[in-house]
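Hi everyone, thanks for coming. I'd like to walk you through one model this morning, starting from the overall layout and then going down to single side chains.

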Amino acid sequence: MKGWTGYLLNERGGVHVLLFGLMGMIFSAFVWVTAFNWMLQTNSTNKTKSLLDHATRAAALNLIPAEAALGRIVWDPGKGTADFYRYLQLNLKLDGSLVPLPGSHLKERLIVHRLEHVTNPSYPYVLSRSLTLYSGTSDAIVRQVQVTIYGPSIVAIIEVRQPLLGYGRREPIVLSSVASMRFR
């Protein structure tokens with residue numbers, strides 16, 4: 001028996017070959033699902049992050065004109081917060097309570113954890129914030145956000161949830177954005 005005909009007629013070890021083939025297919029499917037989840041999460045994060053940066057920049061543009069005329073940088077929190085939420089709603093296609101509308105790439109309600117004006121006597125300044133997601137449940141997660149600011153800035157921290165294929169749960173993604181307020 002020479003060549004392939006010898007292997008086809010030899011039936012010894014057929015179960016082992018079948019089991020190794022099945023284990024290889026299961027491992028390949030697991031790797032594919034993990035890679036697909038990572039790809040979906042990265043795509044959603046990249047889209048949301050750039051649109052969050054636009055909303056944070058819109059909030060940072062709201063300085064009090066009378067103070068700006070005197071050379072002081074003073075943020076108008078009412079107008080800034082209103083512009084931040086308006087830009088989020090328009091760019092991410094959200095309704096008034098930040099729930100995604102049809103056509104939005106988000107699947108669940110966006111949560112704004114912080115929108116704050118940050119100043120410090122010296123710059124650069126490293127701002128650290130700690131967030132507890134799912135507090136009061138067995139799934140509680142603590143996320144640390146650390147950003148460097150180089151002048152008076154508006155800092156926004158949001159949470160979006162991305163569905164995980166094959167897991168039946170949603171993964172929380174925390175994004176931060178910093179927009180400096182300065183005269184040009």
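Before I count anything, a word on terms: helices (H or I, at least four residues) and strands (E, at least two) are DSSP runs, numbered from the N terminus. With that in hand, the chain has 4 helices and 5 strands. Reading along the sequence gives the pattern α-α-α-α-β-β-β-β-β.

Now the housekeeping. This is a predicted model, where local features need pLDDT of at least 70 and side-chain atom pairs count only at pLDDT 80 or more, while totals for chains, interfaces and linings use all residues. Residues are numbered from 1 along each chain as its sequence is written, and side-chain values use heavy atoms, with hydrogens and water left out.

How confident is the predictor? pLDDT is its confidence in each residue, from 0 to 100. The chain averages 83, and 88% of the residues score at least 70. Confidence is lowest in helix 1 (residues 4-9), with a mean of 61, and highest in helix 4 (residues 77-92), at 92.

Next, the inside. I'll call a residue buried under 20% relative accessible area, exposed over 50%, and partly exposed in between (1.4 Å probe, protein chains only). By that rule, 29% of the 184 residues in the chain are buried. A nonpolar core is a set of buried Ala, Val, Leu, Ile, Met, Phe, Trp, Tyr and Cys residues joined through side-chain atoms within 4.5 Å. The largest one here has 21 residues, and those with the most contacts inside it are Leu52, Phe84, Leu88, Leu110 and Ile154. Helix 2, helix 4, strand 4 and strand 5 (170-180) each supply at least two residues of this core. Apart from it lies another core, of 8 residues, with Val118, Val145, Val147 and Ile149 among them. As general background, nonpolar side chains tend to be buried together in soluble globular proteins.

Let's stay with Phe84 for a moment. Is Phe84 buried or exposed? Phe84 counts as buried because its relative accessible area is 0%. Contact, by the way, means heavy atoms within 4.5 Å. Not counting residues up to four places away in sequence, Phe84 touches Leu52, Ala55, Thr56, Ala59, Val112, Leu115 and Ala156.

That brings us to the rings. Rings of Phe, Tyr and Trp (its six-membered ring) pair if their centres lie within 6.5 Å; planes under 30 degrees apart count as stacked, over 60 as edge-to-face and the rest as tilted. How many aromatic pairs does a search of the whole structure find? The search finds 2. Trp32 and Phe36 form a stacked pair, 5.2 Å centre to centre with 10° between the planes. Both of these residues lie in helix 2 (residues 14-60), 4 residues apart, about one turn of the helix. Trp32 is exposed, because its relative accessible area is 51%, whereas Phe36 is partly exposed at 26%. Phe84 and Tyr85 have ring centres 5.4 Å apart and planes at 85°, so this pair is edge-to-face.

Now for two glutamates. Glu159 sits in strand 4 (residues 153-163). Why does Glu159 count as buried? Because its relative accessibility is 2%. A polar contact is a pair of N or O atoms within 3.5 Å; within protein, one must be able to donate a hydrogen and the other to accept it, and residues adjacent in sequence count only if both atoms are side-chain atoms. The side chain of Glu159 makes one with the side chain of Arg161, at 3.0 Å. Leaving aside neighbours within four places in sequence, Glu159 contacts residues including Arg109, His113, Leu133 and Pro172.

The other glutamate, Glu116, is in strand 1 (residues 111-118). Glu116 is buried too, with a relative accessible area of 17%. Its side chain makes a polar contact with the side chain of Arg129 (3.0 Å).

Last, some backbone details for you to look at. The peptide bond from Tyr123 to Pro124 is cis, with omega near 0°, and Pro124 is in the loop between strand 1 and strand 2 (125-133). In the loop between helix 4 and strand 1 you'll find Leu98, which has a positive phi of about 65° although it is not a glycine. Leu98 is buried, with a relative accessible area of 6%.

How values were computed: pLDDT is the predictor's confidence in each residue, from 0 to 100.
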